[in-house]
Amino acid sequence: MKNQNLPSWMKQLTGFAGIIGASALIGFPAWAHINSNTSVANATQTQQVPGKVKTAASPTPTGASPAPMGASPAPMGATKDIVAIASGDTQFKTLTKALGAAGLVTTLQGKGPFTVFAPTDAAFAALPKGTVEDLLKPANKAKLTKILTYHVVPGSVLSTSLKSGDVKSVEGSSLKVAVSAGKVTVSGANVVKADIKASNGVIHEIDKVLMPPDVK
């Protein structure tokens with residue numbers, strides 16, 4: 001009855017607001033369902049790990065659950081992509097140079113998300129003398145690409161989503177993840193700093209250069 005005393009323009013506005021509200025309530029569950037299915041469809045199996053590895057990530061919000069491996073979107077809040085973070089870190093000078101020589105810069109600047117197990121400069125320096133210089137030659141681009149993509153896993157995989165087991169790399173071969181007493185290793189390399197968040201994935205710093213099974 002009170003609406004009869006309202007001006008006609010106010011009645012129209014009230015009705016319009018009701019329609020908008022109803023549409024939002026109907027549309028949101030559908031949007032959430034589509035995005036949920038999209039994430040799950042791209043998921044890879046794994047994992048859950050105790051958190052004694054040093055991390056660069058902010059704490060998980062209270063009540064939030066770790067996402068399954070490969071199903072996580074790119075971490076929220078990060079503004080730089082994987083390449084920008086690596087190139088701005090003095091620990092990853094050799095890795096950055098290698099990504100350029102292999103032609104992988106554009107790829108790892110893409111939407112992703114990607115998880116990169118990133119060897120430090122010290123890890124590259126530990127290779128036999130002359131190995132890095134040889135890999136950076138144009139003639140060895142295919143071999144270098146194979147090695148670097150062996151360090152990349154599809155999806156954004158935080159340390160809280162890892163457990164012992166095999167994980168398939170972008171290169172195609174599997175990485176062997178081992179978790180014991182809060183320590184994480186990947187095919188024999190120690191994860192020394194975890195969860196360096198990027199806008200298109202995450203970086204885990206490792207202390208060894210990983211070699212695919214068929215590369216010597």
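Biologist: Which residue forms a salt bridge with K176, and how far apart are the closest N and O atoms of the pair?

Modeller: This is a predicted model, in which local features need pLDDT of at least 70 and side-chain atom pairs count only at pLDDT 80 or more, while totals for chains, interfaces and linings use all residues. Residues are numbered from 1 along each chain as its sequence is written, and side-chain values use heavy atoms, with hydrogens and water left out.

K176 pairs with D166, the closest N and O atoms being 3.0 Å apart (a salt bridge puts a side-chain nitrogen of Lys or Arg within 4 Å of a carboxyl oxygen of Asp or Glu). Because K176 lies in strand β4 (residues 174-180) and D166 in strand β3 (residues 165-168), this pair ties together parts that are 10 residues apart in sequence (strands are DSSP runs of E with at least two residues, helices runs of H or I with at least four, numbered from the N terminus).

The structure holds four salt bridges, and another of them joins D214 to K146, with 3.4 Å between the closest N and O atoms. Since D214 lies in the segment after β7 (201-206) and K146 in helix α7, the pair links parts 68 residues apart in sequence. D214 is exposed at 55% relative accessible area, whereas K146 is partly exposed at 26% (buried is under 20%, exposed over 50%, partly exposed in between, with a 1.4 Å probe and protein chains only). Through shared partners, salt bridges join K146, E171 and D214 into one network.
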